Amino acid sequence: MPNSPVSEHKSRARAVLAVTLALFLAALVGEFVIPDHRLAGGAVDPSSDSAQVARNIAQIAPQADPNLFIVVSSPARITDERVAAVGRELTTRLGEIDGVTGVNSTWTVPLAALRSADQTSGLVIAHIRGDEGAQDRVLADVRSRLPTVDSDIDVRIGGPVAVRAQVQSTVESDLIKAELIALPLMFVVLLIVFGGLTAALLPIAVGVFSIVCTNALLKVLSHIADVSVFSQNLTTAVGLGLAVDYALLMVRRFREEYAAHGDVAVAVRATSASAGRTVLFSAATITAVLVVLLIFPMYFLRSFAYAGVVVVAISTLVVLICLPAAFELLGGRIAATKSVAARRDRTYWATGTRRVLRHPRLFALGTTVVLLGLAIPFGSVAYGTVDDRQLPPGAEIRATHDILRTEFESSALPIANLVIPANSDPAEVGALAGGLARIEGVAAVAPPPLLTDPRTTSIPVASTLLVTASKDIEPASIQGQAVVADIQRIARGHDILVGGEIATLLDTKAVIGRIAPIAIVAVLLVALVAVFLLTGSIVLAAVSVLVNGLSLTATLGAIVWIFQDGHLSGMLGFTPTGAIDTTLPILVICIAFGLSMDYGVFVLARLTEERRAGVPHDEAIVNAIARTGGIVTSAAIILTIVLVAIGTSQVAAMKMLGIGVALAALVDASIVRLVLVPATLGTLGEATWWSPRVLRRLSASFSFAEHEVGEAPGSPTPTDAALETKATA
């Protein structure tokens, strides 16, 4: 006897879920089995002048660019025989470790830069060769060889290599804590939103599956390309965020279709054909925005593109394939809903939207002024390097660098390094050194040793030229950056490259300044084309891009006010440095813009659907907000929970990213999507739908918005009077 269609559907659904479970288990095993080669650096353009200088110095003069510091401190002073013995032993042990070069210390080289002003701390410096993975392995070896010392002697490790290693381990442990915080809170909110246990578990299942599979794939990718450990945070945020967004849309639509037809199979097909297309369109748009990050040469930014594209693709596939299968098997449980509460929810949003549309110009002007006010601090943004101060004050590496900042003279170390090629003309090198010495703020220029010999006619080997700044100039300050910029200008006239921490910062700012406008234009074009294809209106597309841009600028202003100026540093637990990392604004722009497009697609798809059904303009706005306001708000609340959980990280850069994107999500889902957008559309009236005839014909072939969200188009939205009648009843 042949199986019934219902039985066949359920058999296919079981097979789909069984394959999905097998893939999940394989990815989970991969998480523990595949070696993790993800790295904590990647904010530097590898083709920049400063990166090339760093590679050259590591070969010819590693002592000129130390990346490992060991501070030996004691009240007995560094001249005490016990302290000196520890310092000498450390120097000897470091020199014996494979991969460590350029070892010097205050006990072997009498340099003022290697001892504190009060003579209670001495410094051992070295250079660890290799890429970040090799450096981490050597650093572990260094730690294992630290000598046992008396109780009144402290030995502390620091330097860029140690900072990066501690940041990496801290980010990994903080992410686990963030997930443990976010998942229970998400579950509580989803229980409230869905009103049922089964439906509430679906988004969490989709999110966990997406995160585990993406992390496993990123581990594999880390074996063939540089991948940043920070990309794990995007995987968690986007994986859980999109799982909730898309599951909310699919479950609500399934419930509505089931209520209308009373048949699970029909409801599943209708849901996939309508809400499923919205999910696919939204995912394609977010992916296109995140792909823009690939045009940057820094693997820190490129890694977020890898993670974002993979997690969006996996989340979308699971939602479009596995959720319909779950609907087939659990249709009755998932369809259970509180219809009265759903109607009251729609009435709430409808009432608020009608209030906005009574005075659209006033609301549009008011929200614009608020957003512009939030954006003002971004006009004074200052970019800097990420250093040890992104770690909490109690961290071991942070304590080491606090000693270096307060007890050692920063001006004693070079502010810039220059590599002099082999066979250089001594006269030309001397002219370069003389030009550098005349720069205001430069205290000394240390030329190659052979240059001081008048008999030298050629410098036979590549060597370094070190530039030291005046004592009153902090290297990372605006004044210090200006000094290095002058050094770069003069050196380029002699075809000489400049390196060092500040030169790296200036090179990074230059490459981002050169590429960021292209990236921003690409993001805006993606948004413009996406909204036009969705709605068929060039005006609506332009409005969407403008309000998203305004929302993002306001978010960036809030980030500068909080993190650069440090206004909430005590409450949030970070140390303001007067600058923000150079790469973070472009990262926030791409991630936040992509997520805001997700919310925009939900609203505009419904708005276009209502309009194509012949609903008058203002009523179409009311219906669109009424039937998507709950979805957008619920999704934004849950995404904010995830992002704020990530923002609890002890690493300031992750705190900035999590809280920054959370602010963007809240602003977009509240002020922009529910007030500014309807107010602007109400002000424009019928002009909202204008497009040239040629473009209208083009968009007609991309009919994405057809019964996308909510009930059938044109169905009435409860009025205020209706709500009062229901309440009385």
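Which residue in β4 stands opposite Val71? In this predicted model, the residue opposite Val71 is Arg156 in β4.

- Strand β1 covers residues 68-73, and six of its six residues are buried.
- Leu68, Ile70 and Val72 are buried on one side of β1, while Phe69, Val71 and Ser73 are buried on the other, so that both faces are covered.
- β1 pairs with strand β3 (residues 121-128) in the antiparallel sense, over six bridges.
- In that pairing, Ala126 of β3 stands opposite Leu68.
- β1 also runs antiparallel to strand β4 (residues 154-158), and five bridges join the two.

- Leu21 is placed in helix α1, which spans residues 5-33.
- Leu21, Leu25, Leu28, Val29, Phe32 and Val33 make a nonpolar surface patch of about 620 Å².
- The count of aromatic pairs comes to seven.
- One of the aromatic pairs is Phe24 with Phe209, which is stacked, at 6.2 Å centre to centre and with 25 degrees between the planes.
- This pair links distant parts of the chain, since Phe24 is in helix α1 and Phe209 is in helix α6 (residues 197-221), 185 residues apart.
- Phe209 has a relative accessible area of 10% and is therefore buried.
- Phe230, Phe300 and Phe304 are linked into a cluster by ring pairs.

**Salt bridges**

- The whole structure holds 23 salt bridges.
- Asp49 and Arg492 meet through their side chains in a salt bridge of 3.8 Å, N to O.
- This pair also links distant parts of the chain: Asp49 is in helix α2 (residues 49-60) and Arg492 is in helix α14, 443 residues apart.
- Both ends are partly exposed, Asp49 with a relative accessible area of 25% and Arg492 at 46% relative accessibility.
- A salt bridge of 3.0 Å, N to O, is formed by the side chains of Asp136 and Arg164.
- Asp136 lies in helix α4 (residues 132-144) and Arg164 in helix α5 (residues 160-194), so this pair ties together parts that are 28 residues apart in sequence.
- Asp136 is partly exposed, with a relative accessible area of 23%, whereas Arg164 is buried at 10%.
- Arg606 and Glu609 form a salt bridge in which the closest N and O atoms are 3.8 Å apart.
- Because these two residues are three residues apart in helix α18 (residues 584-612), about one helical turn separates Arg606 from Glu609.
- Both Arg606 and Glu609 are buried.

**Helix α14**

- Helix α14 (residues 478-492) has 15 residues and should span 21 Å at 1.5 Å a residue, which agrees with its end C-alpha atoms being 21 Å apart.
- The buried residues of α14 include Gly480, Val483, Val484, Ile487 and Ile490.

**Single residues**

- Most residues other than glycine have a negative phi.
- Gln119 is not a glycine but has a positive phi of about 65 degrees, and it lies in the loop between β2 (100-105) and β3.
- Asp495, another residue other than glycine, has a positive phi near 60 degrees.
- Asp495 lies in the loop between α14 and β9 (498-499) and is exposed, with a relative accessible area of 69%.
- Glu257 is found in helix α7 (residues 231-261) and is buried, with a relative accessible area of 10%.
- Glu257 and Arg696 are 439 residues apart in sequence and 30 Å apart in space, C-alpha to C-alpha.

Note on methods: Residues numbered from 1 in each chain as written. Predicted model: local features only at pLDDT ≥ 70, side-chain atom pairs only at ≥ 80, totals over all residues. Heavy atoms only, no water. Patch = residues over 30% accessible without salt bridge, like charges linked within 9 Å, V, L, I, M, F, W, Y side chains within 5 Å. Areas by Shrake-Rupley, 256 points an atom, 1.4 Å probe, with all protein chains shown as cover. Salt bridge = Lys/Arg side-chain N within 4 Å of Asp/Glu carboxyl O. Helix = DSSP H or I, 4+ residues; strand = E, 2+ residues; numbered from the N terminus. Buried < 20%, exposed > 50% of the residue type's maximum accessible area, 1.4 Å probe, protein only. Pairing = 2+ DSSP bridges. Phe/Tyr/Trp six-rings, centres within 6.5 Å; stacked < 30°, edge-to-face > 60°. Expected span 1.5 Å × (residues − 1).
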